[in-house]
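The following account leads the reader through a predicted model. Please consult the sequence and the coordinates together while reading.

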Amino acid sequence: MIKRNNLDLVEVEWIDAMSDDNTWQDLDELKQQELRTVHCCGWLLHADKDKTILISSIDETSQSGGGGTVIPTNCIVNITKQFNGDFQHEHEERQKNTIR
């Protein structure tokens with residue numbers, strides 16, 4: 001059973017593929033297009049040499065997730081852990097350091 005507290009909350013920076021909108025485009029213009037860096041945040045569900053999977057929502061009871069993003073691992077520039085799996089501990093530590 002997958003539990004939220006066993007997943008890391010991460011930000012992934014990755015290079016996204018570009019595609020046109022199925023219209024005719026000048027070939028010289030197409031050659032000038034640049035790849036773009038994209039940032040996604042979510043629970044790190046799975047990572048291996050081929051793919052990295054993030055989800056934005058998790059329902060532990062039904063074992064389902066929403067907002068899934070599958071990123072080719074070789075397109076990833078950087079992964080930054082925002083919280084480790086022990087979310088409750090992280091929350092308590094932040095509360096200690098919060099000025100009210």
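Two residues are said to be in contact when heavy atoms of each lie within 4.5 Å. By this criterion, and leaving out residues up to four places away in sequence, Cys41 touches Val10, Glu11 and Leu54. Cys41 belongs to strand 2, which spans residues 36-47. Its relative accessible area is 56%, above the 50% cut-off, and Cys41 is therefore classed as exposed. Between Cys41 and Thr80 the C-alpha to C-alpha distance is 9.3 Å, although 39 residues separate the two in sequence.

Val10 has contacts beyond its neighbours within four places in sequence, among them Cys40, Cys41, Gly42, Leu54 and Thr80. Val10 is also a member of the largest nonpolar core, which comprises seven residues: Val10, Val12, Trp14, Cys40, Leu54, Ile71 and Ile76. Strand 1, residues 9-16, supplies the largest share of this core, with three residues.

The strands can now be placed in their sheet. Five strands are arranged as an open sheet in the order 6-3-2-1-7, with antiparallel pairing. From one strand to the next, the twist averages 40 degrees. Strand 3, residues 51-55, pairs with strand 6 in the antiparallel sense over four bridges. Within the sheet, Lys51 stands opposite Pro72 of strand 6.

Key:
Residues numbered from 1 in each chain as written. Predicted model: local features only at pLDDT ≥ 70, side-chain atom pairs only at ≥ 80, totals over all residues. Heavy atoms only, no water. Core = buried A, V, L, I, M, F, W, Y, C linked by side-chain atoms within 4.5 Å. Buried < 20%, exposed > 50% of the residue type's maximum accessible area, 1.4 Å probe, protein only. Helix = DSSP H or I, 4+ residues; strand = E, 2+ residues; numbered from the N terminus. Pairing = 2+ DSSP bridges. Axes fitted to C-alpha atoms, helices over the stretch in contact; angles between N-to-C directions.
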